[in-house]
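Here is a short note for a colleague opening this entry. Please keep the view open while reading.

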Amino acid sequence: RDRDTEQIERAGRDSAAGHFAVDFILEGYARLAGRLEPLAARLRPGQVVALAGLAHSGKSTAASVLQQLLSTRGYGSAIVSLDGWIRPAGDRPSADPSGSYDYTALGDALTGLQARTAPRVLQVPQYDRATQTRRNGATLEVRPSDVVLLEGVVALDVAPLRETLDLAVWVECDEVLRRQRFVRDYRWRGYSDKEAEALYEQ
């Protein structure tokens, strides 16, 4: 490939919610940090990193742990969740990622991050999973020295974003655990286990 790609095996395995939470706090964080430490050691101020992977694979957790590791090295960082650009349920032309995410708005908002020479203020929308709607979120100031962590399912799928990357990371977790997370998430949204399992199989 033209760009370095790191594959973090089972990056989210120890970060499940619910009854896994205590184990993660006590043991899982250290294991995940150990896996991500070599990656943190490679990063330099101002770089742009994508953390991609399937839904519920642990991308957000991996980004948060990586941010902590960068902080211990004295590096500032900014996490940008690409889920903010998920379209409202009624506005999706298809169920695949290119239909579920607003690729055009996402690319327009984040293109050129690698070339910033002054602080840049990003408008990051917020997607409400419970109501499947999108609303105005918060502003995020990114300094030239910040390592930018773009995390989301489509982090490697939007062409303008790929052109900004210094490093691409693919996050994986055990598929049994990912399935449990998926079903638990949709159960929280009001779906039955049968409906959640059907969505997972899609």
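1. Basis. This is a predicted model, where local features need pLDDT of at least 70, side-chain atom pairs count only at pLDDT 80 or more, and totals for chains, interfaces and linings use all residues. Residues are numbered from 1 along each chain as its sequence is written, and side-chain values use heavy atoms, with hydrogens and water left out.

2. The largest pocket has a volume of about 1300 Å³. Its centre has Ala 55, His 56, Arg 129, Phe 182 and Tyr 186 as the closest of 39 lining residues. A pocket here is an open set of points on a 1 Å grid over the protein atoms alone, where a 1.4 Å probe fits, with protein on both sides within 12 Å along at least five of seven lines; lining residues have an atom within 4 Å of a point. The volume is the space filled by probe spheres set on the points, which are joined across faces, edges and corners.

3. Pocket lining. Which helix gives the most to this lining? It is α6, with seven residues. At least two residues each come from α2 (59-72), α3 (97-100), α6 (175-188) and α7 (193-201). Helices are DSSP runs (H or I, at least four residues) and strands likewise (E, at least two), numbered from the N terminus. By class, the lining has 17 nonpolar, eleven polar and eleven charged residues. Asp, Glu, Lys and Arg count as charged; Ala, Val, Leu, Ile, Met, Phe, Trp, Tyr, Cys and Pro as nonpolar; the others, Gly among them, as polar.

4. The structure holds four salt bridges (a side-chain nitrogen of Lys or Arg within 4 Å of a carboxyl oxygen of Asp or Glu). One of them joins Glu 37 and Arg 73 at 2.3 Å, N to O. The pair links distant parts of the chain, 36 residues apart: Glu 37 lies in helix α1 (residues 21-42), Arg 73 in the loop between α2 and β3 (77-81). Glu 37 is partly exposed at 28% relative accessibility, and Arg 73 is partly exposed at 37%. Buried means under 20% relative accessible area, exposed over 50%, partly exposed in between (1.4 Å probe, protein chains only).

5. Asp 128 meets Arg 135 at 3.2 Å, N to O. Asp 128 is buried at 19%, whereas Arg 135 is partly exposed at 40%. Asp 146 pairs with Arg 143 at 2.8 Å, N to O. Asp 146 is buried at 3%; Arg 143 is partly exposed at 42%.
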